[in-house]
Amino acid sequence: MTTPTLIEYGALQRAFDHLNAELFRGELPQCLITLDNNRASSVGYFQRARFSNADGEKVDCIALNPGYLGVRSLLDSLSTLAHEMVHAWQAHFGKE
């Protein structure tokens with residue numbers, strides 16, 4: 001059965017995987033991609049080690065504001081995802 005959750009989050013995961021391969025040579029670790037509007041003025045954000053997986057390992061989070069997804073173009077939404085992925089790259093591979 002196809003559900004709205006599987007459709008939306010599956011599309012986000014496929015977009016992450018594509019951008020990771022094309023822009024980051026597949027170097028970014030997998031993260032939790034979520035829809036979150038708690039930061040109403042933000043279209044997206046990145047948080048390092050925000051969640052723990054079933055093995056207790058810390059997992060990064062990229063959140064996109066769903067309130068903007070319906071009113072912005074697909075290209076704009078994908079550029080936000082890519083922007084947050086740059087923050088992930090910086091957190092893992094950048095110099096502080």
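Modeller: A search of the whole structure turns up 1 aromatic pair. The partners are Trp89 and Phe93, with ring centres 6.0 Å apart and planes at 45°. Keep in mind that this is a predicted model.

Why do the rings of Trp89 and Phe93 count as tilted? Planes under 30 degrees apart would be stacked, and planes over 60 would be edge-to-face. The angle here is 45°, so the pair is tilted. The distance has a cut-off too: centres must lie within 6.5 Å. For Trp89 and Phe93 the value is 6.0 Å.

Now place the pair on the chain. Both residues belong to helix α3, which covers residues 74–93. Trp89 and Phe93 are 4 residues apart, so about one helical turn separates them. Are these two residues buried, exposed or partly exposed? Trp89 has 31% relative accessibility and counts as partly exposed. Phe93 has 39% and is also partly exposed. Buried would need a value under 20%, and exposed a value over 50%.

Arg39 lies over the face of Tyr45, at 3.8 Å from the ring centre. Arg50 places its charged end over the ring of Phe51, and here the distance to the centre is 5.1 Å.

The structure has 1 salt bridge. Arg25 and Glu27 form it, and their closest N and O atoms are 3.5 Å apart. The cut-off for such a contact is 4 Å. Arg25 is exposed, because its relative accessible area is 70%. Glu27 is partly exposed, with 34%.

Stay with Arg25 for a moment. This residue sits in the loop between α1 and β1 (32–35). Arg25 has a positive phi of about 50°, although it is not a glycine. Which other residue has a positive phi of about 50° without being a glycine? That is Ala49. Ala49 lies in strand β2, residues 44–52. With 31% relative accessibility, Ala49 counts as partly exposed.

Another strand is worth a stop. Asp60 is part of β3, residues 58–64. At 5% relative accessibility, Asp60 counts as buried. Gln47 is 13 residues away from Asp60 along the chain, yet their C-alpha atoms are separated by 5.8 Å.

Now the empty spaces. Rolling a probe the size of a water molecule over the atoms shows where empty space is left. The largest pocket has a volume of about 180 Å³. Its lining includes Glu8, Ala11, Leu12 and Ala15, as well as Leu74, Ser77, Leu78 and Leu81. Helices α1 (4–24) and α3 each supply at least two of the lining residues. What kinds of residue make up this lining? There are 9 nonpolar, 2 polar and 1 charged.

Pick out Ala15 from that lining. Ala15 is in helix α1. Its relative accessibility is 16%, so it counts as buried. Ala15 and Leu78 are 63 residues apart in sequence, but 7.5 Å apart in space, C-alpha to C-alpha. Both Ala15 and Leu78 line the largest pocket.

A cavity is another kind of space: the probe fits there but cannot get out. How many cavities of 30 Å³ or more does a search of the whole structure find? The search finds 1. About 40 Å³ of space lies in the largest cavity. Its lining is made by Val43, Leu64, Asn65, Tyr68, Leu69, Arg72, Ser77 and Thr80.

Compare the two lists of names. Leu64, Leu69 and Ser77 line the largest pocket, and these residues also line the largest cavity.

Technical notes
Residues numbered from 1 in each chain as written. Predicted model: local features only at pLDDT ≥ 70, side-chain atom pairs only at ≥ 80, totals over all residues. Heavy atoms only, no water. Buried < 20%, exposed > 50% of the residue type's maximum accessible area, 1.4 Å probe, protein only. Lys NZ or Arg CZ within 6 Å of the ring centre and 35° of its normal. Salt bridge = Lys/Arg side-chain N within 4 Å of Asp/Glu carboxyl O. 1 Å grid on protein atoms, 1.4 Å probe; cavity = no way out; pocket = protein on both sides within 12 Å on 5 of 7 lines; lining within 4 Å. Points joined across faces, edges and corners; volume = space filled by probe spheres on them. Nonpolar A, V, L, I, M, F, W, Y, C, P; charged D, E, K, R; others polar.
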